[in-house]
Amino acid sequence: MKRLTSLFMLMFVMIMIPIQVLAVDYSIEEMNIDAELQENGNVLVTEKQTYKFDGKFSGVIRTLIPKERTDISQVKAEENGAALKVEQDENEYKIHRKGKDETVVFELTYLIEKGVDVYSDVADFSWAFFDTGNESDYEKFTATIHPPAETTDVIAYGTDTAFETEKTQANGAVQFNLGHVSSGKKGNVRVAYDASLFPAAEITEDTFMRETIETEKQELIDQHKVFEKNKNRLSSFAPYLIGLLAVLFVSMLFYIWQKREAIIKEVNRKFTTPYFVPEEVMSLPAIITYMNHHLINPETLSAALMDLVRKGYVEEQDENTFKVINRKTDHAHETVLINWLFDEVGKEGIFKVDDLKTYTALEKNQDTYQKSYAAWQKSVQEEISQSGLLSKNKKARFVFGLIGLLIIPLIIYLAIYELFMYMTLAIVLVIGFLLFALFYKTRTVLGTKVKRDWQSFQDKYPEMAESEWQKLETDDQKRAFIYGTGIKDKKIDKKNKRLMESISTESYMTSPANMLFLAAIVSSNLTQAETTTAASSSTSPGAGTGVGGGGGGSGAF
C-alpha cells in the first residue's frame with residue numbers, strides 16, 4: 001500500500017508541477033509586427049521584439065516558416081539603428097548580440113515574397129507569425145496589416161488565439177491585438193482587400209474569392225458560438241461529475257481500508273502472536289522479500305546462502321568456502337541458487353566467496369551473472385505468489401480499470417473545451433484508478449499473519465535480553481540471524497553487532513552467531529559483484545510545420 005501511494009503521489013506531482021529547463025533566462029515583453037502589403041503582392045514585415053534578459057545571453061532566435069508558394073528573403077536585424085549579425089540555418093535565424101541583465105529591443109525586417117494571394121476580386125493575406133512549435137511566451141503580441149493604399153473595403157479575422165482580436169482602422173489597416181500568447185499556441189491572421197489595390201501583382205488564380213472568404217469568416221464565428229455554448233454546458237456539470245468520481249475514488253479507498261482492518265482483526269482473533277521467531281511457513285528468502293516490500297538486494301542473496309547452510313544443503317568448510325552436499329531442495333529457487341553459485345560461479349559444487357570477484361571481473365560473465373541473478377529473484381517471487389499471501393482482487397481491479405478508462409473520453413472533451421482545471425483533476429483520478437487496477441493487491445489472512453508475526457519479531461529482537469535468547473532452540477537462533485541479515489533493519493544490525501562482540505573468536509564457529517560472521521563476509525562480496533555487473537548492463541524540440549499559413553516562433557541563446 002505504501003509503495004502504491006508513493007507511486008500515485010509521484011505521478012500527481014509530475015502532472016501538477018511541470019518542469020522547464022532553459023539555457024537562457026529571458027522573457028519577451030513585447031512583439032510588435034507591422035506587415036506592409038505591397039502592390040506587387042510582396043509583404044514587407046518589420047518586427048520589434050523587446051527581450052528582458054536575466055543573466056548572460058548571446059542573442060535571440062526567430063523562426064520564420066514560409067507557407068506554400070512563398071519565400072522569405074532580405075532578413076536583416078538592428079538595434080537602435082546599428083546592424084546586427086544574422087546567421088541563417090534553414091528557417092531559423094540567429095541574431096547575435098551579447099550582453100547580461102539587459103532589456104533589449106531588436107528590430108527585424110524581412111520580405112515575404114508573393115505573400116499576398118491575388119484573385120479576380122480580392123487580394124488575400126493569410127499568415128501565422130507563430131505556431132505550435134514556438135517555445136516562448138509573448139507577454140504582449142500585436143500585429144498590424146497595412147494595405148498598399150487607404151481603403152474601407154476590408155475583410156479581416158483571426159483564428160485560434162487570434163480569434164476576435166482584430167480591429168479595422170480608418171485607413172483600412174487591421175490591428176490584431178492578441179495580448180499574452182503562451183508558448184505552443186497557434187494563431188493565423190487573415191486580411192482581404194479589393195484586388196485593384198494590387199495592380200503589379202501576379203494573379204494567383206482567376207476566380208472570385210470574396211464570398212468564399214466571407215463565408216469562412218461566418219462559419220468560424222458560428223463554430224465559436226457553438227463551442228462557447230458547449231463549453232458553458234460542460235463547465236456547468238463538470239464539477240459535479242468530477243466530484244462524484246472523487247467521492248467514488250475515496251469510497252473505494254475507504255472500502256480497501258475497511259477490508260484490511262477486518263482481516264487484521266480476524267488474524268488477531270484466531271491466532272496468537274508467537275513468542276519470538278515465527279513458524280516456518282515458507283522459506284526465509286521469500287519471507288525476507290515479502291517483508292521488504294518485494295525488493296531483493298545482495299543482503300537477501302546472502303541470507304539465502306546462509307539458509308542453505310542452515311538447512312544442510314550446503315556445508316561451510318571455512319569462512320570463504322562452501323560445498324554442496326545435498327541438491328534435493330524444498331524450493332525451486334534454492335536449486336537455482338545452487339546451480340548459479342556452485343556450478344556457474346564456482347566449480348564442481350564448490351563455491352568460494354573470492355570466486356565472485358574473479359568471475360565478475362571478466363566482462364563476458366557480467367551479463368550472465370545478471371541474468372542468473374534475475375532468474376533467482378523471479379523464482380523467489382514465484383514462491384511468494386504461490387504461497388497464498390496475497391489476493392489479486394481481480395473483480396475490484398477490473399472495476400477500477402473500467403472506471404479509469406471511462407473517464408478518458410471526459411478528459412478529451414475537457415481538453416477540447418479548454419476546461420484545464422477540471423481536465424487536470426480528471427487526469428489525477430484516471431491515474432489513481434488505473435494504478436489500483438494494475439497494482440492493487442491485499443494480504444490474505446495468511447499473508448496478514450505472516451506480516452504481523454515477523455514484524456513482531458523485528459520489534460522484539462533488538463530489545464531481547466541475553467537470558468531469553470539462550471532459551472531459544474538453535475535453529476530458531478539461526479533463523480533469527482539469517483532474517484536479520486536479509487531485512488537490513490538498523491536496530492537489528494546493532495543487536496547483531498552486540499551479539500557478535502559478546503562471542504569469542506574461538507567459539508563463534510560452533511555458535512548460531514556464526515551465521516552473522518559468514519553473512520557479513522558474503523554480503524560484502526555480493527554487493528561488489530552486483531555493482532560491477534549492474535554497471536555493465538545499462539533521446540530536441542522541433543520547429544512548427546507552418547502548413548497553409550506560415551509559422552514560426554522566438555527564442556534566445
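What follows covers the salt bridges and then a charged surface patch.

## Ground rules

This is a predicted model, with local features needing pLDDT of at least 70, side-chain atom pairs counting only at pLDDT 80 or more, and totals for chains, interfaces and linings using all residues. Residues are numbered from 1 along each chain as its sequence is written, and side-chain values use heavy atoms, leaving out hydrogens and water.

## Salt bridges

Take a salt bridge as a side-chain nitrogen of Lys or Arg within 4 Å of a carboxyl oxygen of Asp or Glu, and you get 24 of them. One joins Arg310 and Asp475, at 2.9 Å from N to O. Arg310 sits in helix H4 (residues 298–310) and Asp475 in helix H12 (residues 474–487), so this pair ties together parts 165 residues apart in sequence. (Helices are DSSP runs of H or I, at least four residues, numbered from the N terminus.) Arg310 is buried at 11% relative accessible area, while Asp475 is partly exposed at 33%; buried means under 20%, exposed over 50%, and partly exposed in between, with a 1.4 Å probe and protein chains only.

Lys449 and Asp453 also pair up, with their closest N and O atoms 2.8 Å apart. They're four residues apart in helix H10 (residues 445–460), about one helical turn, and both are buried.

## A positive patch

Lys490, Lys491, Lys494, Lys497 and Arg498 gather in a surface patch of positive charge. Patch members have over 30% relative accessible area and no salt bridge, with like charges joined within 9 Å. Lys490 belongs to helix H13 (residues 490–501) and is exposed, at 71% relative accessible area.

Notes:
Patch = residues over 30% accessible without salt bridge, like charges linked within 9 Å, V, L, I, M, F, W, Y side chains within 5 Å. Areas by Shrake-Rupley, 256 points an atom, 1.4 Å probe, with all protein chains shown as cover. Lys, Arg positive; Asp, Glu negative; His and termini not counted. Charge placed at Lys NZ, Arg CZ, Asp CG, Glu CD. Helix = DSSP H or I, 4+ residues; strand = E, 2+ residues; numbered from the N terminus.
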